[in-house]
Amino acid sequence: MFAYLVKRVFQAIAVMFVISVIGFAIQGNLGDPLRELVGQSVSEETRQQLRDELGLNDSFMTQYLRFAGNALQGDLGTSYFFKEPALDVILKKLPATLELVMGATIIIIGLSVPLGVYTAIKPDSILSRIIMGLSIIGISIPVFLTAIMMIYVFSVEYGWFPSYGRGDTVPVFGYWETNFATADGWMHIILPSFALASIMLPLFIRLIRSEMMEVLQSEYVKFAKAKGINPRRIYFLHALKNTLLPVITVGGVQIGTMVAYTILTETVFQWPGMGFMFLEAVNRVDTPLIVAYLIVVGFIFVVTNTIVDLIYGLVNPTVNIARMGA
Amino acid sequence: MSTETVNPRTEPSRWSKIWNSNMGYSFRKNPVAIFSMAVFLIIAVSAFFAPLIAPYDPYDPASIDIMNSEYPPFWVSGALPEFSLGTDDQGRDLWSTILYGTRLSLLIGICAVALQAFLGISIGLIAGYVGGRVDSLLMRLADIQLSFSTLMVAIIFLAVTQAMFGSETFNQYAVYFLIAVIGVAEWPQYARTVRATVLAEKKKEYVDSARVLGFGPGRIMVRHILPNSLSPIFVISTVQVANAIISEASLSFLGLGMPPSQPSLGSLISSGFDYIFSGSWWITAIPGIVLVVLVLVINLLGDWMRDVLNPKLYKG
């Protein structure tokens with residue numbers, strides 16, 4: 001296990017290294033920091049002098065090492081537009097995105113487990129067929145279209161929910177302001193959360209269903225049935241427990257994927273989170289912010305994947321052997 | 001493949017072979033599959049022949065009049081008879097624009113999947129057949145690539161390219177960028193599955209006999225092992241085409257794909273989104289329905305194919 005841990009952490013560091021090189025390459029080739037700093041009106045001589053002072057004429061290696069050193073200390077450059085450290089800009093937007101992901105996760109867990117279990121227990125019932133039919137339709141509708149439809153129906157036509165923004169938020173600590181403290185905040189987060197959940201929910205229902213059906217065929221479930229244990233207890237205690245392992249691994253990876261989909265939901269709902277900020281940064285060619293976003297998101301992906309792999313390795317020891325042998 | 005079969009009886013035609021196979025039989029017995037196939041063929045054929053079917057050319061600025069913008073489709077009052085599905089915000093005939101847009105979406109989806117399949121199958125074959133260090137290195141790369149969501153990689157890549165080249169140049173080559181990024185980001189899906197089947201097939205006698213006959217590894221991989229790995233590849237491909245079309249639409253929606261002057265379904269939906277509050281819902285809704293139906297029938301076909309072929313897909 002320890003060797004596996006070391007290997008996995010080493011891989012995570014290697015991936016972060018590659019991401020930082022990509023980030024650095026983008027920084028070096030996208031836009032001109034000098035122009036952002038002094039504008040066009042400076043003579044060529046002062047320009048060269050400034051380039052020397054800023055270290056822009058140093059070799060690639062020295063520049064990269066400086067970039068990586070600063071990044072490790074949490075300095076990812078200063079945003080051209082906000083005139084603030086890029087990392088601060090992102091950290092201010094991060095809670096909005098995380099709350100959205102949280103809302104969606106609650107919906108996914110709350111709905112996918114009962115629906116998945118039900119469709120596995122009664123695969124031929126009409127309700128199961130309807131659920132499975134809806135789930136394949138759900139997979140086929142892109143997130144942004146679900147979001148637009150929701151806005152059109154619930155905001156424009158009925159006016160039940162607001163169509164954009166975060167509404168009233170309450171500061172918790174630091175940059176973190178929560179939506180979950182006021183009624184207005186709740187109203188604002190419901191539509192985006194459902195839109196974000198809509199893409200993952202069918203996947204999870206199908207996953208839980210197929211895993212559950214496999215488990216229900218196993219000997220121990222048959223034995224438990226033969227012993228006369230209450231079926232509800234068998235389904236939700238004995239069977240579900242063994243279904244959850246693959247679900248958790250897939251789920252962990254999907255959290256990273258959800259960060260990508262937040263870009264879409266945030267754009268439609270003008271949710272002031274990281275994804276929305278990123279697209280604005282792209283339109284403004286705000287290089288430091290783009291690079292900082294790349295590194296922060298890359299970090300989120302690498303950390304969640306590493307943790308999921310480690311948990312999987314802990315819970316399921318066969319993984320070790322298979323991976324070691326490879 | 002058919003030429004290699006040693007069959008002393010009269011050779012049935014390829015079509016009747018497919019028709020009488022297990023797959024053909026289950027297809028005939030499955031109304032959902034028949035319906036999906038029919039819808040898919042209708043969409044695909046009308047998209048392919050878009051220049052012949054479409055009453056207007058949406059790429060020709062001379063045929064577009066901004067004064068015609070935002071006319072509703074024919075069943076809503078205030079519609080013009082010459083624009084059956086209404087017009088979009090720039091005054092283009094929506095029906096023609098959707099035809100051309102579907103054409104682009106399908107083209108990008110299929111080409112991207114072809115690229116994925118080419119990369120993934122080659123890498124999977126090599127990893128599975130060669131084994132050892134090469135295998136573990138390639139599969140580790142696949143793991144890492146797969147751990148990043150395709151959409152995220154695509155968004156960042158396209159955003160940076162767009163910022164770097166400027167939107168003029170980017171728009172000109174948007175089709176190629178989209179195909180390349182969706183194609184490259186998803187190769188592990190194929191590579192892992194192909195590798196798994198290669199590992200199983202490699203141990204069988206026919207591979208040994210081919211080796212004893214003196215065939216090179218390239219020939220054995222492509223002509224002997226690959227045909228036996230086709231069923232999982234088929235199943236993955238349908239799902240991947242559906243996913244690629246969704247990815248393309250999402251990227252275009254974000255403004256990182258096809259430009260509004262040459263819209264795919266995604267960019268059409270995106271341009272209509274700005275008008276949804278003013279009541280012009282059809283610019284978003286009609287392309288949206290086409291997109292969903294297209295993806296849905298492909299997914300339904302994929303589901304049916306998975307049930308029939310029932311391959312052992314690589315579980316992550």
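Predicted model: local features only at pLDDT ≥ 70, side-chain atom pairs only at ≥ 80, totals over all residues.
Student: Leaving aside its neighbours within four places in sequence, which residues is E99(A) in contact with?

Tutor: R166(A), W176(A), E177(A), T178(A), N179(A), F180(A) and I189(A). Contact means heavy atoms within 4.5 Å. Residues are numbered from 1 along each chain as its sequence is written, chains are lettered from A and ligands numbered from 1 in the order in which they are written.

Student: Why is E99(A) called buried?

Tutor: Its relative accessibility is 1%. Buried means under 20% relative accessible area, exposed over 50%, and partly exposed in between, with a 1.4 Å probe and protein chains only. Therefore E99(A) counts as buried.

Student: Where is E99(A) found?

Tutor: In helix 5 (residues 86–121) of chain A. Helices (H or I, at least four residues) and strands (E, at least two) are DSSP runs, numbered from the N terminus.

Student: What makes F24(A) and Y64(A) an edge-to-face pair?

Tutor: Rings of Phe, Tyr and Trp (its six-membered ring) pair if their centres lie within 6.5 Å; planes under 30 degrees apart are stacked, over 60 edge-to-face, the rest tilted. By this rule, 13 aromatic pairs are counted over all chains. For F24(A) and Y64(A), the centres are 5.6 Å apart and the planes stand at 75°, so the pair is edge-to-face.

Student: Which parts of the chain does this pair link?

Tutor: F24(A) lies in helix 1 (residues 2–29) of chain A, and Y64(A) in helix 4 (residues 60–72). They are 40 residues apart. Both F24(A) and Y64(A) are buried. Together with F17(A), they form one aromatic cluster.

Student: Why is the pair of F48(B) and F49(B) called edge-to-face?

Tutor: The ring centres are 5.1 Å apart and the planes at 85°, so edge-to-face is the name.

Student: How do you know that F48(B) is exposed?

Tutor: Its relative accessible area is 55%, so F48(B) passes the limit for exposed. F49(B), at 37%, counts as partly exposed.

Student: What makes the charged end of R284(A) sit over the ring of F81(A)?

Tutor: A charge sits over a ring if NZ of Lys or CZ of Arg is within 6 Å of the ring centre and within 35 degrees of the ring normal. R284(A) lies 3.6 Å from the centre of the F81(A) ring. In chain B, R219(B) sits over F215(B), 4.2 Å from the ring centre.

Student: Why is the crossing of helix 12 and helix 13 of chain B given as roughly 35°?

Tutor: Axes are lines fitted to C-alpha atoms, for helices over the stretch in contact, and angles run from 0 to 180 degrees between N-to-C directions. On that basis, helix 12 and helix 13 (residues 265–273) of chain B cross at roughly 35°, with axes that come within 7 Å.

Student: Which residues meet there?

Tutor: A249(B), S252(B) and F253(B) in helix 12 meet G266(B), S267(B), I269(B), S270(B) and F273(B) in helix 13.

Student: How many helices and strands does chain B have?

Tutor: 14 helices and zero strands. Buried residues make up 50% of its 316 residues.

Technical notes. Heavy atoms only, no water.
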